[in-house]
Structure formats: structure tokens, C-alpha cells
Amino acid sequence: MKYSQFYPENWKRPYHIIKAKVARIYGQFWDKDVIGITGSVGKTTTKEAIAKVLSYKFKVISSKENLDPVFNIPKTLLRIRPSTQKIVLEYGVEYPNEMDFYLDLAVPKMAVITRIYWTHTQFLKNIFGVGNEKGKLLKALPPDGIAILNFDDEYIRNRMSKLTKAKIFWYGSRPGVDLQISDFLYQGVEGSKFLLKFKDEEIEIKWKLIGEHNTYAAAAAASVGVNCGMKLSEVKVDLEKMERQPHRLTPIKYKDNLIIDDTYNSSPVAAVMAIETLRSFARKSRAIAVLGDMLELGGFENQGHREVGEKLAQENIEVVVTVGEASKIISDTAKSKGIKEAYHLEDNQQVT
């Protein structure tokens with residue numbers, strides 16, 4: 001494989017290529033347990049939750065947040081030490097054949113798929129392109145590996161699950177899954193609580209994250225934990241210590257108002273979940289949504305921004321403000337669906 005195609009053309013390129021090749025050899029030399037995470041949303045939160053849970057019982061290293069995987073995975077592999085027991089890697093892909101590069105560096109023994117949606121369709125074309133590229137992680141699993149899959153995601157359930165010969169362990173909210181989430185409740189700005197059930201063991205989790213969709217990250221982490229021999233009571237200890245990820249549904253108190261900061265990145269499905277969270281916090285008060293452009297949607301750009309505008313109207317968000325070029329579709333759609341106070345601005349300065 002030509003590693004050069006995955007690194008930008010600058011004076012550091014030879015250094016990164018050599019580093020990746022050394023990391024590949026070094027990582028395979030140790031033959032440690034690798035847990036790989038991919039999906040269209042929730043990868044970083046899931047990766048952090050898994051690393052937190054496993055740290056209760058194992059020596060764990062994981063890829064750092066906010067660093068492109070082409071740099072992150074080699075850097076993480078070079079951190080392996082004799083005492084390391086588990087390696088948690090985020091396999092984020094944007095381009096065709098990018099997953100092949102990561103799998104050439106490290107093949108996981110356990111793979112977690114969060115959710116599949118048409119993100120990065122500028123390069124991967126459509127949901128099938130997204131699913132095929134991310135599905136390579138499942139295909140690479142050895143027969144004695146474990147695929148930890150979100151049963152509530154129709155694409156994963158009906159299509160991706162057929163890609164692996166490894167054991168499948170399902171998590172989700174529906175009865176009958178291997179590990180079930182239920183009884184979600186907001187606890188205000190302090191976080192939320194919910195139940196996790198595995199076999200005859202059921203526990204309540206109280207954690208700092210808001211957003212009902214974030215419970216899937218907890219369930220995925222718990223699924224990894226129990227498949228590594230942990231009890232749910234052990235999973236609970238460090239899961240409840242997990243901190244919020246910066247700019248990912250972070251509640252901020254400002255005077256008598258509450259600001260929910262979800263500015264790290266976005267896609268239509270992530271924006272929809274953020275809107276649901278906003279409405280849940282503002283059931284008896286005025287909700288204001290400020291949104292920018294969602295990038296790398298390719299031919300789905302108009303549709304994705306329209307869906308967000310429709311969701312704003314569906315949730316009766318009182319005020320909508322959009323900033324950027326493509327996001328005008330959001331405010332226009334919201335206004336056409338009945339939101340009277342929907343505004344589009346040219347730049348961030350006008351928002352304040």
C-alpha cells in the first residue's frame with residue numbers, strides 16, 4: 001500500500017510515511033488487543049467511553065481526540081508498552097480506501113459500529129459508499145473476533161451485520177438485544193440517567209453527558225466491557241466518571257440562560273439529535289437554535305440542510321438563526337414550515 005496518498009504534500013510528508021510504517025511493525029510486534037470504533041456519528045464519545053470503562057480493569061491506551069486518524073493511529077500504536085493490555089482506536093474515514101490504510105496499520109479483534117448515515121458523501125457518494133467503506137472494519141475481524149453493533153440502526157442491522165464471520169453482540173433500546181438501554185431521564189445541566197441491562201444484571205448509570213443519543217456510547221462501552229469479562233457493576237464505576245467532550249452538547253449557564261455548545265462538528269443526523277436535546281431542555285421556555293453550514297455532504301447538501309430545517313419546525317423551535325452559505329436552506333425551510341422568527345445572517349459577527 002502507498003502510504004503517501006494519505007498524507008498532505010509538504011516537507012513533513014516523508015516523516016509521516018516513515019512513522020506510519022514503523023508504527024505498523026511496532027504494533028504487530030506486540031500483538032495487543034485492539035478495539036476499533038467506526039460509524040457516522042458518536043465515534044469519539046464512544047471511544048472515550050470504552051477507554052474509560054476498560055481502564056477499571058486493564059492498562060489502556062487510546063487515540064487522542066481532535067487529531068486526524070492518519071496521524072492519530074500511528075502515534076497511538078507507538079505508545080504501546082509491555083504493560084499495555086487494550087488499545088482503543090477510532091477508525092474515522094472520509095475517502096474511498098482510507099479504511100484499508102488503517103487496517104494495514106492495525107486489525108482489531110473487536111469492532112464497534114455506532115450508526116451509519118450519509119456523512120462525508122462528498123467523497124463516499126451515498127450511504128452505500130459510507131457503509132461499504134466503514135464495513136471493511138467488520139470484514140477484517142478474525143472469526144474469533146467480536147462485532148459490537150447498534151441494533152437500533154436499520155442499515156447496520158440489515159446490511160452491515162452480514163459482512164462479518166465474527167460473533168455479533170447487539171446493543172440498543174429494543175427488548176431482546178444482548179445489552180439493553182432503557183428508562184432515560186434528564187437530570188438538568190448535571191447530566192442524565194438511564195438503565196443498562198445485560199443478562200440478569202441491571203444497573204442505573206448517572207453520568208455527566210446530556211442527549212439521549214449519547215446513551216448509545218455508554219451501551220457500546222458497556223458491551224465492550226462485558227465482552228472483556230467485566231460486570232456491569234464494574235462498568236458503572238468509571239462510566240460515571242466520564243467527562244463531557246468539549247463542544248459536544250456541552251451545557252453552559254449564562255446568567256439566567258442555558259447555552260448548549262455543540263459546535264465541534266456536525267452532520268444532518270447529529271444536528272437533528274442536538275435539536276431534540278435543545279427542545280428537551282427548553283420545554284417551558286424559549287428555544288433559540290443557531291446553526292452554520294454542514295460540510296462534505298456532496299450531492300446531499302440541499303437535502304441534509306432541508307431535513308434540519310424541517311426538524312426545527314417539527315420541534316417548534318421558536319427562533320432559528322443560520323450563518324453561512326448552505327445553512328440558508330435551513331432557515332428558509334424552517335420559515336416555510338411555520339417558524340416565524342427564522343433569520344439568515346452573512347457572518348458570525350452579526351449573530352451577536
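**Exercise 1. At what angle do helix 2 and helix 8 pack, and how far apart are their axes?**

The model is predicted: local features need pLDDT of at least 70, side-chain atom pairs count only at pLDDT 80 or more, and totals for chains, interfaces and linings use all residues. Residues are numbered from 1 along each chain as its sequence is written, and side-chain values use heavy atoms, with hydrogens and water left out.

Step 1. Find the elements. Helices (H or I, at least four residues) and strands (E, at least two) are DSSP runs, numbered from the N terminus. Helix 2 spans residues 43-54. Helix 8 spans residues 215-227.

Step 2. Read the geometry. The angle is about 40°, and the axes are 8 Å apart. Axes are lines fitted to C-alpha atoms, for helices over the stretch in contact; angles run from 0 to 180 degrees between N-to-C directions.

Step 3. Classify. Helix 2 is therefore oblique to helix 8. The classes are roughly parallel under 35 degrees, roughly antiparallel over 145, roughly perpendicular from 65 to 115, and oblique for the rest. The crossing of helix 2 and helix 8 is right-handed (near helix turned clockwise from the far one by less than a right angle; anticlockwise is left-handed).

Step 4. List the contact (heavy atoms within 4.5 Å). Helix 2 gives Thr45, Thr46, Ala49, Ile50, Val53 and Leu54. Helix 8 gives Ala217, Ala220, Ala221, Val224 and Gly225. These residues divide into 8 nonpolar, 3 polar and no charged. Ala, Val, Leu, Ile, Met, Phe, Trp, Tyr, Cys and Pro count as nonpolar, Asp, Glu, Lys and Arg as charged, and the others, Gly among them, as polar.

**Exercise 2. Which residues make the contact of helix 8 and helix 9?**

Step 1. Helix 9 covers residues 232-239 and packs against helix 8 at about 130°, with the axes 10 Å apart. That angle makes helix 8 oblique to helix 9. Their crossing is right-handed.

Step 2. Name the residues. From helix 8 come Ala218, Ala221, Ala222, Gly225 and Val226. From helix 9 come Leu232, Val235 and Leu239.

**Exercise 3. In what order do the 9 strands of the open sheet lie?**

Step 1. Write the order: 2-3-1-4-5-6-7-8-9, with mixed pairing. Two strands pair if DSSP finds at least two bridges between them.

Step 2. Strand 2 (60-62) and strand 9 (201-207) each pair on one side only. Neighbouring strands are turned by 20° against each other on average, direction ignored.

Step 3. Check one pair. Strand 8 (residues 192-198) runs antiparallel to strand 9 over 7 bridges. Leu195 has Glu204 in strand 9 as its bridge partner.

**Exercise 4. What is the pairing in the open sheet of 3 strands?**

Step 1. The order is 12-13-14, and the pairing is parallel. Strand 12 (288-291) and strand 14 (341-345) are the edges.

Step 2. Strand 13 (residues 319-323) and strand 14 are joined by 5 bridges. Thr322 is bridged to His344 in strand 14.

**Exercise 5. Which residue takes a positive phi in the hairpin of strand 10 and strand 11?**

Step 1. Strand 10 (residues 250-254) and strand 11 (residues 257-261) run antiparallel, joined by 5 bridges. Lys253 stands opposite Leu258.

Step 2. The hairpin has 2 residues between the strands. Lys255 has the positive phi, near 55°.
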